[in-house]
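Please keep the sequence and the structure in view while reading.

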Amino acid sequence: MRRYEEPIEVRESTDGGGTAVATHPDAFVWRGRLYVVRTVLDSWQERRPWWRDAREGADVLTDARERRVWRVEASAGRTAGVGVYDLGDDPAGPGWRLLRVAD
């Protein structure tokens, strides 16, 4: 698993099942390339790395936040292979980021 923490653009889609509407990544652009999400494998909440916030001058005690992480299978085209990517959404922070890529 390689770690990145790089900003990405994400297109989201919604599932209207039940009373709550859930959104999930449908596609993302990383390093100028469009990746289409084939399958959402999992999602969870995790704490943002507080030590990075501290380096940037944020008050880590009051600004400690969690981000939603989506593990997805995605590919950069019909003929490209499918990879596993962890995408983090931090609504109170820098936005969507590519967190990890499985080797």
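This is a predicted model: local features need pLDDT of at least 70, side-chain atom pairs count only at pLDDT 80 or more; totals for chains, interfaces and linings use all residues.

The side chains of arginine 71 and aspartate 86 meet in a salt bridge, with 2.7 Å from N to O, and this pair links distant parts of the chain, since arginine 71 belongs to strand S5 and aspartate 86 to strand S6, 15 residues apart.

**Salt bridges**

- A search of the whole structure finds eight salt bridges, and a network of such bridges links Glu5, Glu46, Arg67, Arg71, Asp86, Arg97 and Arg100.
- Glutamate 5 forms a salt bridge with arginine 97, in which the closest N and O atoms are 3.3 Å apart; because glutamate 5 lies in strand S1 and arginine 97 in strand S7, the pair ties together parts that are 92 residues apart in sequence.
- Both glutamate 5 and arginine 97 are buried.
- Glutamate 46 forms a salt bridge with arginine 67, the closest N and O atoms again being 3.3 Å apart, and here the link runs between strand S4, which holds glutamate 46, and strand S5, which holds arginine 67, over 21 residues.
- Glutamate 46 and arginine 67 are both buried.
- As a general point, side chains of opposite charge can pair when their charged atoms come close.

**Strands and their pairing**

- Strand S6, residues 83–90, is mostly covered, with seven of its eight residues buried, and in strand S7 seven of its seven residues are buried.
- Strand S5, residues 66–75, pairs with S6 in the antiparallel sense over seven bridges, and within this pairing tyrosine 85 of S6 is the bridge partner of valine 72.
- S6 also pairs in the antiparallel sense with S7, residues 95–101, over six bridges, and a hairpin of four residues joins S6 to S7.
- Leucine 87 has leucine 98 in S7 as its bridge partner, while aspartate 89 stands opposite tryptophan 96 in S7.
- Strand S1, residues 2–7, runs antiparallel to S7 and is joined to S7 by four bridges; leucine 98 in S7 is the bridge partner of glutamate 6.

**Nonpolar core**

- The largest nonpolar core has 14 residues, of which Ile8, Phe28, Trp30, Val72, Tyr85, Leu87 and Leu98 touch the most other members.
- Strands S3 (22–30), S4 (33–47), S5, S6 and S7 are the elements that give two or more residues to this core.
- Not counting residues up to four places away in sequence, phenylalanine 28 touches, among others, Ile8, Val72, Tyr85 and Leu87, and its contacts also include Glu9 and Arg33.
- In soluble globular proteins, nonpolar side chains tend to be buried together.

**Surroundings of valine 69**

- Valine 69 has its place in strand S5 and is buried, with a relative accessible area of 0%.
- Once residues up to four places away in sequence are set aside, valine 69 touches Asp42, Ser43, Trp44, Glu46, Asp86, Leu87, Gly88, Leu99 and Arg100.
- Aspartate 42, one of these contacts, is 27 residues from valine 69 in sequence and 8.3 Å from valine 69 in space, C-alpha to C-alpha.
- Among the contacts of valine 69 are Glu46, Asp86 and Arg100, and these residues also belong to the network of salt bridges.

How values were computed: Residues are numbered from 1 along each chain as its sequence is written. Side-chain values use heavy atoms; hydrogens and water are left out. Buried means under 20% relative accessible area, exposed over 50%, partly exposed in between (1.4 Å probe, protein chains only). Two strands pair if DSSP finds at least two bridges between them. Contact means heavy atoms within 4.5 Å. A nonpolar core is a set of buried Ala, Val, Leu, Ile, Met, Phe, Trp, Tyr and Cys residues joined through side-chain atoms within 4.5 Å. A salt bridge is a side-chain nitrogen of Lys or Arg within 4 Å of a carboxyl oxygen of Asp or Glu.
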